[in-house]
Amino acid sequence: MDIIIIGLLLGGTYALMAMGLQLQYGVARIMNLANGEILVCGAFGAIWFFTASKMSPIYALIFVVPIAFVVNWAIYQVMMLPLVKRAKNQGQLEVDSILATFGLSFIFIGILLAVFGGEFLTYSYLATPFLIFGEPYALNRIAAFLGSVALCAGLYVWLHWTRAGLTLRAIAVNPAAAGLVSINVPRASALAFALGGAVTAAGGVLLSMFLTFDASLGVIFTLKALVIVIMGGVSDVRGAILAAFILGLTETAVATLVDPGLTLAAAYVLFIAILLVRPEGLFGRRST
Amino acid sequence: MTGGEKRNLIISVLVFLVAALLPLVNNGYWLSIGVSVAMYTVLATSWTLFSGPTNYIALSTAAFFGIGMYIVAAFLDWAPYPVLVLIAGIVGALFAAVIGLATLRIAGVYFVIFTLGLAELVRQIVAWMQHVMGTSSGLYVLISMTDPILYWLLLGLSAIVFLVGWWIGRSRLGFALRIIGNDEVVAEHSGISTARAKVVLFIISSAFASLTGALVAPRWSYVEPTIAFSPFLSFQVVIMALLGGVHRLWGPLLGVIPFTLLWELISANFPAQTTLLLGVAFLLIVYFIPHGVIGLIEDMIRHRHGMLGSVVSTLQRWKSGNA
Amino acid sequence: MPSPSSADVALTVTEVFKRFGGLVAVDGMSFALAENEVLGLIGPNGSGKTTMMNLISGALKPSSGRIQLYGDKISGAPANEIAQKGVARTFQIVRMLPSLTVIENVAAGGVFGHQKRWGAELHDHAHGLLRRVGLENVDDVPVTSLTYIDQKRVELARALASDPKVLLLDEWLAGLNPTELKTGIALIERLRAEGRTIIIVEHVMDAIRSLCDRCVVMNSGAKIAEGTPQEVLADSEVIRAYLGDADA
Amino acid sequence: MLESRNLSVFYGRHRAVENVSITVSASEIVVMLGANGAGKSTFLRAIAGQTPSQGGTVLMDGAEITHHPPHEIVEAGIATVPEDRGVFAELTVHENLTLGAHPRRARPHEAANLERVLTLFPRLAERRKQLVRTMSGGERQMVAVGRAMMSAPSILLLDEPSLGLSPLLCGELFRTLRRIKDTGVGIFLVEQNAKQSLAIADRGYLLDNGHIVGSDTAEALSKDEKVQTAYLGGG
Amino acid sequence: MQKRVLLTFTAAAAVAGLLGLGAANAQDTVKISVVGPRTGVMASGAAVTHWPGFKLWAHEINARGGLKLKAGQKKVELIEYDDRSMPGETIKAVERLAAQDKVDFIMPVYGTGYNLAVAPIFAKYGYPQVTQAAVTDQIDALTKRYPTLFFVQGSTTSFATSAINVLKNLKDEGKIGNRVAVVNVADAFGIELANAGRPLFKQAGFEIVYDKSYPLGTQDYAPVIKAAKAANPDAFVAWSYPPDTFGLLEQAKIEGLNVKAYYSAVAVAFPAFLGKYGKAAENVLGAGGIQDSPAIRDYYKRHKEVTGVDADYWGSPIYYSFLQVLQQAFEGVGSMDRKAITAYLKKNKFKTIIGEIDIRNQRLDKYWTVGQWQDGFFHAVAGVGFSEYKPVKLKTGW
């Protein structure tokens, strides 16, 4: 029971890390290696806000999300679109976008360093126990979990119940055919990329309540998000959510039942095993 | 051997001999750059042996590099260093064989992230084993290895990489790879076991990474998981190779040299904004040298205008594409 | 149907099924191919001919059933092993190796397949094949600069380069204009005269008539007729399958 | 009316289509015949905005649409069914059809169009919740054509619609096309299946090696001996 | 091919020329270089101790007019390079500074592995290397090997020993029981401490009721803390690194891991620790610790004023002390003669904010190893070579 609750809480954390990247890769086809840095930016925004105002960091979402949206939209328009137009095929775009966003992550780190300095930034918020079935759990993690669930659900509903969401799913499934139904693919991709960035930054805000951040930490989140997105299968947001929770449960189970030293090893074993059985991820499909 | 090949061979030997003279000319700063260049030449060229023809972007260099380092660090008390270097190569090859055979079905971006995960997995396991086995002594590699010797060893290793690459290029295996790179279906139907060809190349490529790790270990003196399995190493190798061009054996070399010098230039002259400027330089490379240095040179030769002109025309193309 | 064990049978297909999800693409096909025979595999679009070819060449694995080459089971084996055992093929849409020269494209078929050659021997062999399919003085030209028909010739030469026991031609004549078609048919006729064992998938009925010893007709994945071209083309079921309701 | 004037497409140095001029008016079916590799698909893709063209112009109702991106071309009233059908395999039939009504021009009439499409293809009405991936080739073709019709097009482009269909389904499809034409839509299809397509077409063009080598009424073409030998075969 | 190779060499030569331009040669200042991580895994630690330490020192020297050398008073020009937490970069940067830029002095780099990687270069060029951020058990072998290498932070074993002694004393006084739960981060320093500590706990009569590692980069410590709590320990020891030190403590607080002694290694001494946990930090034990004195209090004040960040209670004052040592050595020698400075360090004792110190044996004779938060100050409660320490208090809940 304990394992399940802790695992779910951790899974919620992972979902926050991965959902934005899922949108960016699944729809806009950009494997964004600067994803972790965007998350760190969101977290820094919340930390700065909390330190300055002493108000709940949740309010930081009000300015972090729109800023992240605009910044990511601009990144797509200025940096990614030329690559998309230049790429002769998907493989070329993948290589180019991996290289470009890797460079972008350096730029983000450089900017964060200049603005916030290099030291650890952390604060304490809702770091109190909350009892579920008599066992204590961190209230801030529960809050982040609820945020994560809300975000996942919101995203899911939006993708499946609105025309705009349907548009994005159509691009994810078959970008070549999307133009045939009058979808402005570059614009919709920019929207997806911006939305993904906003979701990632929102994740950063929620995670800042209990994780410690520094300017160079982004790569850890990027790696985790990549693993989750790939494990889930790149073109379906449900895959990423499922993968995040499977990962959270596995890590917790291994940490509790086997050895905490093997948690991350177990995560990667799981990742590799899933790819060996389903080379296109949990929800992925081989292109027909 | 044709006349052209003979000429190329002679030129290559001369280039290597000239390069080998470096420690005699400068035993300090330029030698340390030379070590860096030689190390990345081995890594990037051997990476290209596999990833060039197959178009599989492998981010597993750090995994094999780290394995090589750790083999030296862990067993230095039990075996002489040269033996350990050989063992490192063999273990790297065996590990690559297992991984290669297991992962043939994985392709595209899945393969990229898979190999990245692989490096992380190895790192986690090594770190955990260090705890369980309680071998804190294995972390230090305190044997003397002067820069000139390391440089010559790495240079020798890169010569071997080039020879292997050259041999592969002339062999049936090389021909098979060119066919695979063009069209895997045709390759299969021509009787080529594409799986075997890829695994063999992956093994060769990975073994060189392990050897490099084993050679560099004494230079770093102290081995810890975060350093030995740094994902940046994998990325840097890929980037250097792509910057040079992966469709020629000597392509990566043309990436390694300018890349190392550019990095050095930035770190030396802009110490406060190194990371930021590296990022900017990176983007400029991606946008304006899209086909690698080789592409740039070939472009130049084709259009008979200078390097600047070529960059300008890329810029124009980019701008018009952007508009 | 000749019994699979008889000595002159090159290829036997026995009760082969291929399902894609719920869709049955090949539905219990059985036929045999005698040595030195040219067999036409015909049928309307979507009847499963190309799937059948892919099953023989190993591009696909049958869901059930058996395919044997001279009594040796090849079904389920990977394409490269089947190629080494002596099955070579061309593709419905011509597949060149774009970064290779013409002669390298041909040589690609002769290194790893049924008969393996290397070095000067391979070069001479490939050169000879190019001449045989009617291509001269283009050995070192990039293959992408060839016309469509010439690329088809290269592909044919590549398939022949391993001296296969069985040659599969998948709509090799498709897309040729009438003049080219004549040349193409003549080329296959020459192969037939050499005594090669060939399966042809084709829509061009003239070619079927003039080239094939025997025809197997497929519809909706199943065999609906077998016999000489004249026989099957007169078969009422075949006519119905091709033309559907006489409405169109 | 759709019109192309001297349209040319090059792949690098390789000329795929050169100086091709055609017209398609409302309520007519025009077929372009040609062998594999003649450039038919390239030409169609160039009109649909999926392949860049290097010379000539494309006009829709007199307005130039050359070099416009695909989504604007749909907006101009040209719907395309590509050779691979271009359906969204991981989405349901209903979602595919809804996406068809994505163009602004089609949204006000979405309900009416859906009604019309489901009348044309009653099969789709039964399977609205089904994932397209699980459907047969013929059903996918219906989804593709149905989806194209959802955009309320003036002109419908089809690339080898008969490919992969059994003769029965093929006949059914062509009958449907004729019904679509009767609603006032102009249809342009490229085909190898000369016999059946000429039977429903009003006019036809012959494309060979990237050039138009003949054009006439469908009736005349189907009697033309050259066409017969080249595309109808003896069978 | 020839042409291309030629071209490459031309380009290389051009870049080489540019690199050369980087080194200026005006000599009205003393050029002192600092290499360290601004980015990468080591960066956050360096941001607390490494960079601000040098900044404060240089600022104060320049404020009083510069280093008093024989050739007159010279201001310090600090040149800082980022090694991005990659040993290869550290090596290149130090080699460049020593061989190419020929700077007057090179400060030690940040991190044990990094310092060892550049030790041969310091030795080759004769620069003294007073490693302020390196902890190793190989001090004897390393100092013998590199005569220019000084260690001032003690050995891994001494840190483990001291921490365990603190607990042993509590046990012997009957204040805590003998059950201890031990966790460690599975990375270099954590592994070394854990491996050194295991036999020591046994010798001290402790029963290790829980002993597990967790990976660097773990994001949820609930399983670790829950299991440790379930083992019902009297004391909890975490051989931890900065991010996990924070995570573990937060979880311990939430789980109510009510041990009487809570020890976590690196980063308890960080100002951010107190900032984040406030009251909960009270009586938490950690690596480092400083003896309270007016000089130290003054140092903390100046540190905050000049660098804008708070100094920590472990590395920062040690950094400052050894910069004071170097300053005295520079001025004692009267020039930037590397060999003379090294010799000077091996001959003299120095006065610093942490008292009089002696590194004549290439290592520090006395240093603090364990600290405890008491009333907002991280007091030293154990160490090597000192006679008096602040008494240890028991942790009484969160």
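Q: Where does Leu270(A) lie?
A: In this predicted model, Leu270(A) belongs to helix H11 of chain A, which covers residues 263-277.

Q: What about Gly117(A), where does that lie?
A: Gly117(A) sits in the loop of chain A that runs between H4 and strand S1, the latter being residues 129-132. Not counting residues up to four places away in sequence, Gly117(A) touches Leu112(A) and Ala215(A). Glu135(A) is 18 residues from Gly117(A) along the chain, and the C-alpha atoms of these two residues are separated by 38 Å.

Q: Switching to chain pairs, which chains have the most contacts between them?
A: Six pairs of chains touch, and among these the most contacts are between chains B and E. On the chain B side 53 residues take part, and they are in contact with 56 residues of chain E.

Q: How much area do chain B and chain E bury?
A: Between them the two chains bury about 4,900 Å², of which 63% is on carbon and sulfur atoms. Within chain B, the residues that lose the most area to chain E are Tyr29(B), His131(B) and Tyr140(B), which together account for 14% of what that side buries.

Q: How do helix H3 of chain B and helix H4 of chain E cross?
A: The axes of H3 (residues 29-54) of chain B and H4 (residues 87-100) of chain E come within 8 Å and cross at roughly 155°, so H3(B) is roughly antiparallel to H4(E). H3(B) makes this contact through Tyr29(B), Trp30(B), Ser32(B), Ile33(B) and Ser36(B), while H4(E) contributes Lys92(E), Glu95(E), Arg96(E), Ala99(E) and Gln100(E). Sorted by class, the contact has four nonpolar, three polar and three charged residues.

Q: And at what angle do H3(B) and H12(B) cross?
A: Those axes come within 9 Å and cross at roughly 75°, which means that H3(B) is roughly perpendicular to H12(B). From H3(B) the contact involves Met39(B), Tyr40(B), Leu43(B), Ala44(B), Trp47(B) and Thr48(B), and from H12(B) it involves Leu233(B), Gln236(B), Val237(B), Val238(B), Met240(B), Ala241(B) and Leu242(B).

Q: What classes of residues does the contact of H3(B) with H12(B) have?
A: By class there are eleven nonpolar and two polar residues, and no charged ones.

Q: Back to chain E, how far apart are the closest C-alpha atoms of chain C and chain E?
A: They lie 20 Å apart, and no contact joins chain C and chain E. Chain D and chain E are likewise joined by no contact, their closest C-alpha atoms lying 27 Å apart.

Q: Which residues lie nearest the centre of the second largest cavity?
A: Of the 13 residues that line the cavity, those nearest its centre are Leu33(A), Phe102(A), Val219(A), Thr222(A) and Phe235(B). The elements giving two or more residues to this lining are helix H4 (90-116) and helix H9 (218-232) of chain A, together with helix H12 (231-244) of chain B. By class, the lining residues divide into ten nonpolar, two polar and one charged.

Terms used: Residues are numbered from 1 along each chain as its sequence is written. Chains are lettered from A and ligands numbered from 1 in the order in which they are written. This is a predicted model: local features need pLDDT of at least 70, side-chain atom pairs count only at pLDDT 80 or more; totals for chains, interfaces and linings use all residues. Side-chain values use heavy atoms; hydrogens and water are left out. On a 1 Å grid over the protein atoms alone, a cavity is a set of points where a 1.4 Å probe fits but cannot get out, and a pocket is an open set with protein on both sides within 12 Å along at least five of seven lines; lining residues have an atom within 4 Å of a point. Helices (H or I, at least four residues) and strands (E, at least two) are DSSP runs, numbered from the N terminus. Ala, Val, Leu, Ile, Met, Phe, Trp, Tyr, Cys and Pro count as nonpolar, Asp, Glu, Lys and Arg as charged, and the others, Gly among them, as polar. Axes are lines fitted to C-alpha atoms, for helices over the stretch in contact, and angles run from 0 to 180 degrees between N-to-C directions. Angles under 35 degrees count as roughly parallel, over 145 as roughly antiparallel, 65 to 115 as roughly perpendicular and the rest as oblique. Contact means heavy atoms within 4.5 Å. Buried area is the accessible area (1.4 Å probe) that two parts lose on being put together, summed over both.
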